Amino acid sequence: MLIYYNYYSDSKGMMNFEKFTKFCKDFSLFPDIIAKGKISNFFYTLAAIHTQAEGGNNDESAMRGRSLMGNSKFGANGKAIDQPDNDVIDQHLFIEALALCAFEIPYSDP
């Protein structure tokens with residue numbers, strides 16, 4: 001999976017929401033399997049964890065993560081409204097995001 005992450009990440013090895021959404025579109029996760037609101041919730045919650053881990057403003061990032069657990073609204077650029085452009089995830093959180101997306105795949109016992 002790291003090869004895919006490297007393709008979609010920036011020169012600093014970080015992935016923003018726009019690139020994560022592009023990954024989801026390119027691999028038919030969105031809109032075929034998971035709604036954009038869920039993708040947004042997963043990404044920005046994980047981005048808040050990244051900000052906390054990197055020593056960012058813990059109160060602000062925690063509030064952003066918690067506020068996204070409800071319904072998200074999107075601007076014309078597809079970005080969740082009121083989300084800063086500097087929210088990013090690293091390769092480890094990318095794998096976590098994919099795991100969360102995997103839980104959204106409907107499964108029924110044969």
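Predicted model: local features only at pLDDT ≥ 70, side-chain atom pairs only at ≥ 80, totals over all residues.
Local features were taken at pLDDT of at least 70 and side-chain atom pairs at pLDDT 80 or more, whereas totals for chains, interfaces and linings use all residues. Residues are numbered from 1 along each chain as its sequence is written, and side-chain values use heavy atoms, with hydrogens and water left out.

Helices are DSSP runs (H or I, at least four residues), numbered from the N terminus. The axes of α2 (residues 17–26) and α3 (residues 36–53) come within 11 Å of each other and cross at roughly 135°; axes are lines fitted to C-alpha atoms over the stretch in contact, and angles run from 0 to 180 degrees between N-to-C directions. The pair is therefore oblique, a class that holds the angles left over when those under 35 degrees (roughly parallel), over 145 (roughly antiparallel) and 65 to 115 (roughly perpendicular) are set aside. The crossing of α2 and α3 is right-handed (the near helix is turned clockwise from the far one by less than a right angle). On the α2 side, Phe17, Phe20, Thr21 and Cys24 meet Lys36, Ile39, Ser40, Phe43 and Tyr44 of α3, where contact means heavy atoms within 4.5 Å. These residues divide into 6 nonpolar, 2 polar and 1 charged (Ala, Val, Leu, Ile, Met, Phe, Trp, Tyr, Cys and Pro count as nonpolar, Asp, Glu, Lys and Arg as charged, and the others as polar).

The loop between α2 and α3 contains Ser28 and Pro31. Ser28 has a positive phi of about 60° although it is not a glycine, and is partly exposed at 35% relative accessible area (buried is under 20%, exposed over 50%, partly exposed in between, with a 1.4 Å probe and protein chains only). The peptide bond joining Phe30 and Pro31 is cis, with omega about 0°.

Not counting residues up to four places away in sequence, Phe20 touches Met15, Ile39, Phe43, Ile89, Phe94 and Ala97.

Leu98, in helix α5, is buried at 17% relative accessibility. Leu29 is 69 residues from Leu98 along the chain, with a C-alpha separation of 9.6 Å.

How values were computed. Helix = DSSP H or I, 4+ residues; strand = E, 2+ residues; numbered from the N terminus.
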